[in-house]
Amino acid sequence: MPNMGRYEEVVNSFSWEISEKELGYRPGDIINIGEYCSDRNLRLGRKDRPALIWEGHSGEVKKYTFYEMSVLTNTIAGFLKNLGLQPGDRICLFMDRIPELYFGFLGILKMGGIAQPLFSAFGSESLITRLEDAQTAAIITQRKHLPKVRNIVESLPYLKHIIVVDDDGTKSLREKEIAFHMDKAPRLEKFDIYPSRAETPSVLHYTSGTTGKPKGAQHVHYSLISQYITARYVLDLRENDIYWCTADPGWVTGTSYGIIGPWANGNTQCVLDAGFKAETWYRFIEKYKITVWYSAPTAIRSLMKEGEEAVRRRNLSSLRHLCSVGEPLNAEAVHWSKNVFGLPFHDTFWQTETGSIVISNYPEMPVKAGSMGKPFPGVTATVVDLKTYQPVNKPGVVGLIALKPGWPSMFRTYWRNEATYQSKFKNGWYICGDRASIDEDGYYWFVGRDDDVINTGGHLVGPFEIESALLEHPAVAESAVVGKPDPVNMEVVKAFIALKPGNSPSQELELDIMNFIRKKLSPLAMPQEIEFVDSLPKTRSGKIMRRVLRAKEWGEEIGDTSTLEND
Ligand code: PRX
């Protein structure tokens with residue numbers, strides 16, 4: 001019997017107090033996510049249960065019990081505190097998916113720091129934008145990523161410490177750099193955990209928008225109340241589950257449901273620090289007898305491409321519940337998974353800003369393939385009119401997904417950008433920036449984003465950030481970046497580029513520009529296609545009309561451009 005029970009009944013009886021009570025939290029109490037995810041599990045008798053089973057890309061395996069996890073997170077917290085780092089300091093995690101990343105996250109929270117995870121494939125430019133904005137005090141990284149940090153350290157006056165977790169003495173460390181070995185450091189059995197309260201900042205996740213620089217969605221320790229109960233009700237995590245979340249903690253799925261939700265529930269988590277390969281993924285599920293699996297449509301479509309044979313070669317009978325997030329999960333993928341795994345993927349919808357799942361398909365509710373499901377109990381959602389922001393209240397009418405503020409894990413602001421935070425609210429609703437409709441049974445159907453942000457393989461990339469980086473290439477005069485349809489990644493980045501006089505289009509130049517962006521920003525931001533043009537469509541005031549270029553890529557009507565032209 002699933003944890004949640006029947007959706008209709010739970011919707012009527014639910015209150016967040018249920019979660020608070022299960023966690024033994026009363027309003028006003030100390031609440032520290034680091035403590036709840038580690039030490040609390042010892043008090044509940046889970047001391048010897050594996051907390052983390054980790055496999056690296058070359059096959060090495062590391063296992064840690066909840067007891068070891070508690071001690072190691074203390075050890076990291078103590079080390080950070082001894083360096084002089086203070087509660088409230090932003091501490092960046094810039095690592096591959098190694099155990100130090102997971103325990104570092106909890107260690108930061110235990111000493112009262114604000115964890116700022118960044119995707120390790122980010123180049124120096126992506127890094128500097130986010131570290132500058134957060135005025136980050138320390139960065140925890142690996143030797144292999146150190147050159148990218150060294151490139152920018154001079155421009156970061158707030159950065160006091162660069163902690164290298166795998167220094168082996170071969171690279172002489174420079175000023176500010178310090179080695180730390182989690183497994184060799186003197187172990188701290190006890191640590192005075194920072195007495196954070198509900199509204200104490202916990203995590204800062206950067207996310208891209210249409211304009212301006214990426215924004216830091218700031219979360220608080222109270223988010224745990226949402227993350228714990230959604231992991232229990234939506235992911236249906238039960239006491240002895242072996243859980244695998246395929247997301248990287250550089251993105252919110254990898255922290256809310258790759259660290260906080262499952263460990264607050266005391267579950268064993270498996271982490272595979274290797275790129276996507278169907279054969280490797282199936283082997284991983286079989287080897288560790290994964291029961292609950294949380295992944296993304298791009299990965300599922302890639303598995304579909306590999307065919308059923310690869311599934312049949314493995315015994316995947318341990319799987320009990322499957323969920324997906326990040327992009328629209330097409331009906332075909334749901335049918336396929338039902339057919340080959342005997343289980344449908346359950347689509348879940350949420351955002352960096354929402355901190356936890358807000359619309360979803362639940363274990364006890366019939367899945368309508370292609371739909372995102374219904375609002376989580378305790379979350380008031382609707383679809384509002386595109387112009388008036390009033391609820392449309394009519395089945396099938398497309399509008400904007402809107403949420404009534406108040407669920408525990410909602411972001412509290414954008415870091416040092418309260419104005420943009422405020423601009424997300426209309427008529428008392430938080431506007432997600434996505435278009436959808438609701439059918440007569442209350443199921444939500446995703447239509448598309450309401451802005452120019454590109455969703456590639458479940459990762460948002462901001463066109464503005466790429467366009468700004470392109471301008472730094474010596475041959476580029478101006479550019480416009482849009483999403484182009486892609487059968488696996490849903491969208492990939494396409495750049496329209498007008499060259500400076502004296503340059504002419506060539507394949508060589510195209511590759512050079514692509515690599516330029518890959519290194520500066522990340523492989524995700526790298527244009528998969530470049531179209532050289534003489535000029536770009538613009539409004540009368542000179543603003544580039546991305547919408548026109550995007551519509552062309554998607555074979556859509558360009559629509560009303562009059563407002564843009566008069567802009
Ligand atoms: O456009 C929606 C899409 O991803 C956006 C949020 O991205 P991010 O903040 O990076 O968080 C991703 C993981 C929580 C949304 O505004 N998105 C997320 N889930 C879905 C989705 N689009 C369609 N269907 C989904 N299930």
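The exercises below treat the ligand shell and some salt bridges of a predicted model.

Local features need pLDDT of at least 70 and side-chain atom pairs count only at pLDDT 80 or more, while totals for chains, interfaces and linings use all residues. Residues are numbered from 1 along each chain as its sequence is written, and side-chain values use heavy atoms, with hydrogens and water left out.

**Exercise 1.** State how many residues surround the ligand and which parts of the chain supply them.

Solution. 
- Step 1. The shell holds 18 residues, and the closest are Asp347, Thr348, Gln351, Thr352 and Asp434.
- Step 2. Helices (H or I, at least four residues) and strands (E, at least two) are DSSP runs, numbered from the N terminus. At least two shell residues each come from helix 10 (252-264), strand 14 (345-349) and strand 22 (444-449). Strand 14 gives the most, with 3 residues.
- Step 3. By class, the shell has 8 nonpolar, 6 polar and 4 charged residues. Here Ala, Val, Leu, Ile, Met, Phe, Trp, Tyr, Cys and Pro are nonpolar, Asp, Glu, Lys and Arg are charged, and the others, Gly among them, are polar.

**Exercise 2.** Find which backbone atoms lie 2.7 Å and 3.2 Å from a nitrogen atom of the ligand, then state how much of the ligand is buried.

Solution. 
- Step 1. For Gly326, a backbone N or O atom is 3.2 Å from a ligand nitrogen.
- Step 2. For Thr348, the distance from a backbone N or O atom to a ligand nitrogen is 2.7 Å.
- Step 3. Taken alone, the ligand exposes 550 Å², of which the protein buries 97%. Areas come from the Shrake-Rupley method with a 1.4 Å probe.

**Exercise 3.** Compare the salt bridges of Glu35 and Arg130: are the partners buried or exposed?

Solution. 
- Step 1. A salt bridge is a side-chain nitrogen of Lys or Arg within 4 Å of a carboxyl oxygen of Asp or Glu. The structure holds 42 of them.
- Step 2. In the bridge between Glu35 and Arg43, the closest N and O atoms are 2.6 Å apart. Buried means under 20% relative accessible area, exposed over 50%, and partly exposed in between (1.4 Å probe, protein chains only). Glu35 counts as buried because its relative accessibility is 16%; Arg43, at 59%, counts as exposed.
- Step 3. In the bridge between Arg130 and Glu465, the closest N and O atoms are 2.9 Å apart. Arg130 lies in helix 7 (residues 124-134) and Glu465 in helix 16 (residues 463-471), so this pair ties together parts 335 residues apart in sequence. Both Arg130 and Glu465 are buried.

Definitions and conventions. A residue is near a molecule or strand if one of its heavy atoms lies within 4 Å of it. A polar contact is a pair of N or O atoms within 3.5 Å; within protein, one must be able to donate a hydrogen and the other to accept it, and residues adjacent in sequence count only if both atoms are side-chain atoms.
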